[in-house]
Amino acid sequence: MDKATTIIGIDCSPRASSNSGRMLAEVLCSLESDPRVKVMEQVRLADERIDCLGCEQCYQTFGYHCDGIDRVLSLIMESDVILMATPTCFGMPSALGVVLLDRSDPLWRDGQQLKGKLGAVIVNGATDPAEDPSVGVCAGNVMKFFDQHEMTCAQPANLGGTLAYPGQRFPSPLPEGTTGVLKQLADDIRQWIADR
Ligand SMILES: Cc1cc2nc3c(=O)[nH]c(=O)nc-3n(C[C@H](O)[C@H](O)[C@H](O)COP(=O)(O)O)c2cc1C
């Protein structure tokens with residue numbers, strides 16, 4: 001395969017310097033060292049202008065709003081791998097993440113435009129995923145989105161035990177367990193690239 005595999009990373013957290021953004025950067029950085037990979041962008045959804053919440057009145061004209069979500073959806077279409085990172089909010093992705101998922105609807109209905117891409121997700125939350133289902137439930141919801149678009153799903157990276165507030169975020173350097181989960185996700189993405 002001559003062409004580099006393109007990947008977009010999407011930080012769905014509403015917070016600046018989020019745990020999600022940090023975990024996402026770790027995985028993108030690891031993948032970027034591979035010459036077969038081209039990172040398109042690490043997008044921070046909170047920086048994007050959102051003019052449409054997906055009421056469906058204009059769904060036949062994707063791009064009509066020309067807002068930040070249309071920009072991100074264009075990058076998604078150009079990418080082979082879509083890597084999302086989100087906090088869990090009551091077992092769901094953040095509101096920003098959900099807006100992006102809702103706005104992707106025309107891509108699903110108009111010829112399955114994301115079909116065959118790889119979808120991957122990093123979810124982080126306050127609770128330990130081994131004790132509380134919310135992180136896993138959130139990951140499952142994002143995987144449902146990938147599935148709806150007939151994408152391949154990587155095994156999600158479920159991380160817990162952190163809050164958004166200073167002093168309660170992931171420590172630096174990252175704990176070995178966290179590094180291991182992120183490394184596994186990067187390895188799974190590399191394997192998918194190798195098998196293409
Ligand atoms: C509205 C709201 C709901 C939350 N719900 C959950 C939850 O159900 N389970 C959980 O483990 N953490 C929950 N959290 C905690 C966040 O997931 C956690 O603080 C996360 O580390 C923030 O990540 P970020 O820095 O990437 O935004 C919630 C936080 C907020 C603000």
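Predicted model: local features only at pLDDT ≥ 70, side-chain atom pairs only at ≥ 80, totals over all residues.

Analyst: The protein chain has 6 helices and 6 strands, and from the N terminus on they run β-α-β-α-β-α-α-β-α-β-β-α. The radius of gyration is 16 Å, close to the 16 Å that the globule rule gives for 196 residues, so the chain is as compact as a globular protein of that length. Along its principal axes, the C-alpha trace spans about 45 × 40 × 25 Å.

A word on contacts and burial. Take contacts between residues at least 6 apart in sequence: 78% of them join residues at least 24 apart. Of the 196 residues, 47% count as buried.

Now for the part I'd zoom in on, helix 2, which covers residues 68-78. I69 is itself one of the buried residues of helix 2, and the others are G68, D70, V72, L73, L75 and I76. As a reminder, an α-helix has 3.6 residues a turn, so residues three or four places apart point the same way.

What do those buried residues pack against? On the strand side, their partners are strand 1 (5-11), strand 2 (37-44) and strand 3 (81-87). On the helix side, they pack against helix 3 (95-103) and helix 4 (105-109).

Conventions
Residues numbered from 1 in each chain as written. Heavy atoms only, no water. Helix = DSSP H or I, 4+ residues; strand = E, 2+ residues; numbered from the N terminus. Rg over C-alpha atoms; globule rule 2.2 N^0.38 Å. Buried < 20%, exposed > 50% of the residue type's maximum accessible area, 1.4 Å probe, protein only. Contact = heavy atoms within 4.5 Å.
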